[in-house]
Amino acid sequence: MSTTSPAGTAAERPLVGIERWGIPHALRWGFVGVLIFMIGDGVETSFLSSFLADPTGGGLSGSQASFATVTLYGVAALVASWFSGTLSAIWGPRRVMWLGAAIWVVLEVVFLFVAIPAQNAALIVTVYAVRGLAYPLFAFSFLVWIQTIAEPRMRGSAAGWFWFAFTGGLPTLGAAFAAICVGPLGISEYATLVASLVLVAIGAAIGCFAVTEPHGLAPIADETVAHPRSLARLTEGIDILWRDKRTIAGFFVRLVNTAPQYGFFAMFPFVFGPDTPGGGFLTTAEVAVLSTVAYAANIGANLFFGVFGDYFGWRRTVTVFGCLGCAVATPLWYFGAVASQNFLFTAILGAVYGIVLAGFVPLSALMPSMVAVKDKGAALAILNTGAGGAALLGPLTVTALFPLFGGGGVAIAYCLMYLVVAGVSLVIRSGIDPGVVRRREAAAA
């Protein structure tokens, strides 16, 4: 059964225009839409919890605000990560993007213009939590669309551009937009949230209506699927976990991928910041800058490793640079900070971690490429669920281990996680991995 994209194979036509950079021409506006959408989605990351807990804002208690913005929102995003793939397989990714965009915009209108003015705690928590379904449906469905039509030889590059747009918006440019609005411009937090709604609406309009590539409205299926649009396929997609064990391996690799990133950013304020017993060596602002530096380095590296993986090999890039690179960079970042007590050196080590973290980018090309066409949506659903789970695993590891072993124990645990998934990643193989194909051709020549 063929696993090539609808656009064809490397032997059928040369790449032209922006396709040489790894962007499928038919989807070019989709990347712009995702970037703007995720900028709008990321605006609230730096201040929403405090705004909801403010008597002049949401009027929630601190625990209610945290429960809504972290726990419930995270669970909703995790669920939607799965459905972004499975629903794309049934309805086509463009329709799922419409659904995600509609959920975000409609519920944000209710959130801002009904729940917040009324300071209705139950309504605020419920509406915001359900809105957590929106961004994975919009963004991750576009990732499915990319991997459905991209040339096999450019899928890694295309994935790199997707993650460039995604992380460029959330949290990098989103947080920067919020900082400028609330800081130098003196705009209120409420008005900044309204501005984020406008940004999301613009990004959603571009992503949903400016991209008309026909495969976006078609179910991801082949001739072996009798009823490709049937909702019964939501459960059928689960059986790939035991039909193809490589998908389970891919899930665990993606689960560990960004877990330490979320964990470190949750741990650093009370390890290196002013809340550290006895006082840390970083100010609150410097702790925030650390995440900005790591994300900024990661954004550029996403593009590099997307292209690099198309030549070096998707699986080899994930194993060598992603898993093993992060296994070294993670404890190096923590223990280097402890030893140096220097902000600049700590920021440099954070940038190193952000760079090697991008070594996981080709996993987004590898997972759907190793299964049959009808299973692409399910494979990406599993991958996306791992991404959502990472946001829970990282902080959970801190909660469980920090009281017993301190920050050093957490850093070592993250290192061991990366080493374990380095071994697990060896079973994730695809016959159309461009790097593998090139090495086979070279050996046969």
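Is phenylalanine 312 buried, exposed or partly exposed? In this predicted model, phenylalanine 312 is partly exposed, because its relative accessible area is 23% and the buried class covers values under 20%. Let's keep that ring in mind while we look at the rest of the structure.

**The nonpolar core**

Start with the largest nonpolar core, which has 121 residues. The members that touch the most others are Leu52, Phe111, Phe142, Phe162, Phe166 and Phe268. Helix H17, spanning residues 376-424, is the top contributor to this core, with 15 residues. If you click on phenylalanine 166, you can look for its contacts beyond four places in sequence: Val34, Met38, Tyr135, Ala139 and Phe140.

**A helix that bends**

A straight helix of its 49 residues would reach 72 Å at 1.5 Å a residue, but the end C-alpha atoms of H17 are only 21 Å apart. Follow the helix to phenylalanine 405 and you will find a bend of about 130 degrees.

**Rings that meet**

Across the whole structure there are 36 aromatic pairs.

| Pair | Centre to centre | Angle between planes | Arrangement |
|---|---|---|---|
| Phenylalanine 270 and phenylalanine 402 | 5.1 Å | 85 degrees | edge-to-face |
| Phenylalanine 312 and phenylalanine 321 | 5.9 Å | 75 degrees | edge-to-face |

What does the pair of phenylalanine 270 and phenylalanine 402 tie together? Phenylalanine 270 lies in the loop between helix H12 (259-267) and helix H13 (284-312), while phenylalanine 402 belongs to helix H17, so the pair links parts that are 132 residues apart in sequence. Phenylalanine 270 is partly exposed at 32% relative accessible area, and phenylalanine 402 is partly exposed at 26%.

Now back to our opening residue.

One aromatic cluster is formed by Phe264, Phe265, Phe268, Phe272, Phe281, Tyr295, Trp333, Tyr334, Phe335, Tyr353 and Tyr414. Phe268 was also named among the core residues that touch the most other members.

Finally, find valine 427 in the loop between H17 and helix H18 (434-444). Valine 427 is partly exposed, with a relative accessible area of 46%. Leaving aside neighbours within four places in sequence, valine 427 contacts Arg246 and Ala249. Isoleucine 36 is 391 residues from valine 427 in sequence, and their C-alpha atoms are 36 Å apart in space.

Conventions:
Residues are numbered from 1 along each chain as its sequence is written. This is a predicted model: local features need pLDDT of at least 70, side-chain atom pairs count only at pLDDT 80 or more; totals for chains, interfaces and linings use all residues. Side-chain values use heavy atoms; hydrogens and water are left out. A nonpolar core is a set of buried Ala, Val, Leu, Ile, Met, Phe, Trp, Tyr and Cys residues joined through side-chain atoms within 4.5 Å. Buried means under 20% relative accessible area, exposed over 50%, partly exposed in between (1.4 Å probe, protein chains only). Helices (H or I, at least four residues) and strands (E, at least two) are DSSP runs, numbered from the N terminus. Contact means heavy atoms within 4.5 Å. The expected span of a helix is 1.5 Å times one less than its number of residues. The bend at a residue is the angle between axes fitted to the seven residues ending there and the seven starting there. Rings of Phe, Tyr and Trp (its six-membered ring) pair if their centres lie within 6.5 Å; planes under 30 degrees apart count as stacked, over 60 as edge-to-face and the rest as tilted.
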